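Here are my notes for you, point by point. Keep the viewer open while you read.

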Amino acid sequence: MYERKDLLGLRDLSGEEIMTILNTAREMKAKIDDPSLRDNSLEKSSIVTLFYENSTRTKMSFLLAGDYQGAIVKDLGVGTSSVQKGESLVDTGLTLDQMGINIMIIRHRMTGAAHLLARNVKASVINAGDGSNEHPTQALLDLYTILERKGGFKGLKVVILGDISHSRVARSNAFGLTKLGAKVTLAGPSTLVSSSMRSLGVEVATDIPKAIKDADVVMGLRIQFERQKNMPFPSLREYSSLFGVNDETLKYAKKDCLVMHPGPVNRGIELSSEVIDGANSVINVQVKNGVAVRMAILKLLTENRR
Amino acid sequence: MSLIHIKGGRIVDPANNIDKVSDLCIKDGKIYSLEAPTEKADKVIDASGLVVMPGFVDLNCHLREPGFESRETILTGSMAGAAGGYTTLCAMPNTDPVTDNEIVATYVKYKAEKEAVIRVLPVGAITKGKCGEELADIGRMAKAGVCALSEGDRTVQNAALMKTALKYSKMFDLPVLAYSVDTDLAGKGSMNAGDAAALLGLKGISADSEEVMVSRDMILAGSTKARLHLCHISTSGSVTLIKQAKERGVDVTADVTPHHFSLSDEDIVDYDANYKVNPPLRTKEDIVAIKEGLKNNIIEVIATDHAPRHIDEKNCEFEKAENGIVGLETAFALSFTNLVDKNVITLSELVKKMSLNPAKIINSDLGTLSVGACADVTIADIEKDFVFDKTRSFSKSRNTPFDGKTLKGKILYTISRGNVVFEKGSIKGECK
């Protein structure tokens with residue numbers, strides 16, 4: 001069951017709520033490749049995307065997830081809106097509320113922005129990434145991909161590598177995976193992986209080959225240059241040689257290990273091109289599953305509003 | 001002139017080691033006697049079952065005038081102070097224009113004398129425009145009557161300049177109220193760095209950002225022999241450092257705010273910016289150390305750091321929201337509830353930390369009920385629970401995380417310079 005007004009993060013969701021979303025996504029997936037299976041079940045629903053930060057995958061897949069179900073989907077081009085005149089987030093939300101918007105999908109550079117919006121509007125709010133806090137729909141599509149390939153989560157060893165301290169993807173995945181029984185290790189240089197992350201119920205490691213040993217899933221994360229002030233490591237060359245994953249390091253993982261990445265990838269830095277394009281990689285599958293998961297979320301939230 | 005008879009209260013006056021049930025008479029603005037009057041009083045206050053204390057002195061509050069009157073004014077801040085049992089407020093210089101010269105200092109004094117319901121004393125900035133580049137007109141401000149020096153919401157990052165300021169201020173016997181934080185280490189955090197920040201996904205402000213600067217300032221106070229007072233210290237490490245400096249003989253005092261021992265970083269919920277404050281709410285372990293520091297008198301003063309903020313500065317993204325909590329009206333109740341009622345310190349020790357000790361730091365003879373002293377008196381009920389309701393606040397701003405909290409230690413009367421300015425929820429007859 002998923003009975004909430006909003007989807008703000010995985011931290012507060014139960015395992016059962018997460019499974020409801022994943023099971024609904026399974027029903028949705030066939031509709032992506034086969035248009036004849038699509039219906040107009042969301043035709044009376046109006047959805048707006050409100051992206052204060054750039055995005056390719058998340059925004060496009062939300063727009064398509066709405067279109068494939070017959071919803072009215074609009075994008076508020078934040079860069080050309082009154083936000084540029086200094087309109088506050090709360091005022092922008094109240095304005096969209098008055099126009100009859102049912103679901104607002106927000107990405108914002110500040111932690112808690114989606115929560116603030118949800119507190120102030122009647123519409124359902126979906127968090128498409130808030131600061132360095134959570135990116136729940138990305139984690140849900142990652143979970144769905146793992147479920148599809150591995151059949152479950154209990155006892156799986158999942159290693160998330162890279163710029164953990166700035167990563168909302170790592171955090172949402174950590175919350176979701178631990179709730180479903182997987183063992184999560186966050187790994188990277190000590191300046192990018194704080195030991196406080198252990199309070200999320202995960203392991204923290206700095207030795208990459210050791211961390212990857214016997215992993216079922218290896219997830220790379222992009223170094224977020226846009227969120228760094230002082231570089232937390234000396235050079236990209238040093239980073240990729242000590243903390244990146246290539247064919248050699250991947251040998252430490254299980255043979256059927258999944259290689260994942262939320263994209264966009266800095267090729268040759270967190271993952272080598274051989275690994276990205278290799279047999280274990282499901283990076284492209286993740287993209288397709290992103291549409292299915294977002295279709296499921298729009299459907300569930302719309303049903304809750306009726 | 002007027003005669004006020006306070007009947008049968010528990011008089012708590014740490015300056016004279018008094019804690020006993022007695023009458024108290026105020027005549028012509030002065031404490032007259034600790035007996036019933038022989039002549040008919042103009043006003044009789046039945047204080048049986050209540051405590052009668054010297055009026056509180058706040059070393060650190062932001063009254064926002066001139067410049068930021070949408071948040072607070074000297075008048076509304078003084079009303080909030082009176083409602084909280086305060087009779088003297090030291091107003092921080094982070095105004096616009098900054099209180100960095102005798103003209104602005106004189107203006108604050110003039111407005112205070114004309115409008116404030118209690119005593120308001122200006123604090124002068126350490127550097128011009130609090131830019132941390134050159135000394136403000138410290139000597140001329142001293143002549144104009146500033147009670148202390150401080151950068152308000154900033155730290156003088158340049159150690160050489162801070163040293164010069166400490167040396168120079170000593171000539172005028174002005175204490176330097178330091179807000180100690182290394183801004184590079186603090187970075188762009190918006191709450192305490194630690195497990196709670198990791199859970200919420202907010203960038204943290206580490207304890208070492210405070211401790212590094214607390215150390216620096218105490219080393220400089222030691223080498224200059226100046227008087228340093230550390231404002232709103234918040235970490236266990238700072239308490240230890242202050243203890244060590246005192247043992248070395250450094251002339252240092254320190255205060256803590258009621259919110260820093262009443263709430264921890266784990267209390268921050270749903271990105272509610274009313275919990276956003278600088279220094280940030282720290283861990284439960286820090287609270288234990290702070291209470292220990294209060295108990296052992298390593299921390300001599302409780303100050304509010306009353307920081308009014310407009311609703312629009314708080315009802316926004318947590319990371320964008322301004323820092324600050326209004327504190328004047330909850331300080332005594334939070335301190336009584338969390339310190340005295342929980343047997344951390346005695347009532348007499350609390351009263352000392354809120355009146356006599358801060359008064360001494362600003363070289364004032366206030367904070368006592370000695371016969372002949374200025375009649376600044378606060379009367380409170382420490383028996384009954386009450387629910388704090390922010391809508392009944394006298395401050396212009398309502399940025400408090402304590403709305404709806406059940407507390408003990410309600411202020412019933414505040415007498416400033418012999419006049420009853422606050423009585424049972426109303427300021428000079430004006431109710432909220």
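How many disulfides does a search of the whole structure find over all chains?

1. Zero: the search turns up no disulfides in any chain. Keep in mind that this is a predicted model. As a reminder, a disulfide is a covalent bond between the sulfur atoms of two cysteines.

2. Take Cys25(B) to see why. Its closest cysteine sulfur belongs to Cys374(B) and sits 16 Å away, so the two are too far apart for a bond. Cys25(B) also counts as buried, because its relative accessibility is 0%.

3. Cys231(B) isn't in a disulfide either: the nearest cysteine sulfur, in Cys90(B), is 9.8 Å off, and the cut-off is within 2.5 Å. With a relative accessible area of 5%, Cys231(B) is buried.

4. Now look at where the chains meet. On the chain B side, 15 residues are in contact with 21 residues of chain A. Together the two chains bury about 1,600 Å², and 52% of that is on carbon and sulfur atoms. Have a look at Leu199(B), Tyr271(B) and Glu317(B): they supply 36% of the area chain B buries against chain A, more than any other three residues.

5. What about charges and polar atoms? The rule finds one salt bridge across this interface. Click on Arg119(A) and Asp270(B), whose side chains meet in a salt bridge at 3.2 Å, N to O. Chain B and chain A also have 10 residue pairs in polar contact. Sorted by class, the side of chain B touching chain A has seven nonpolar, three polar and five charged residues.

Terms used. Residues are numbered from 1 along each chain as its sequence is written. Chains are lettered from A and ligands numbered from 1 in the order in which they are written. This is a predicted model: local features need pLDDT of at least 70, side-chain atom pairs count only at pLDDT 80 or more; totals for chains, interfaces and linings use all residues. Side-chain values use heavy atoms; hydrogens and water are left out. Contact means heavy atoms within 4.5 Å. Buried area is the accessible area (1.4 Å probe) that two parts lose on being put together, summed over both. A salt bridge is a side-chain nitrogen of Lys or Arg within 4 Å of a carboxyl oxygen of Asp or Glu. A polar contact is a pair of N or O atoms within 3.5 Å; within protein, one must be able to donate a hydrogen and the other to accept it, and residues adjacent in sequence count only if both atoms are side-chain atoms. Ala, Val, Leu, Ile, Met, Phe, Trp, Tyr, Cys and Pro count as nonpolar, Asp, Glu, Lys and Arg as charged, and the others, Gly among them, as polar. Buried means under 20% relative accessible area, exposed over 50%, partly exposed in between (1.4 Å probe, protein chains only).
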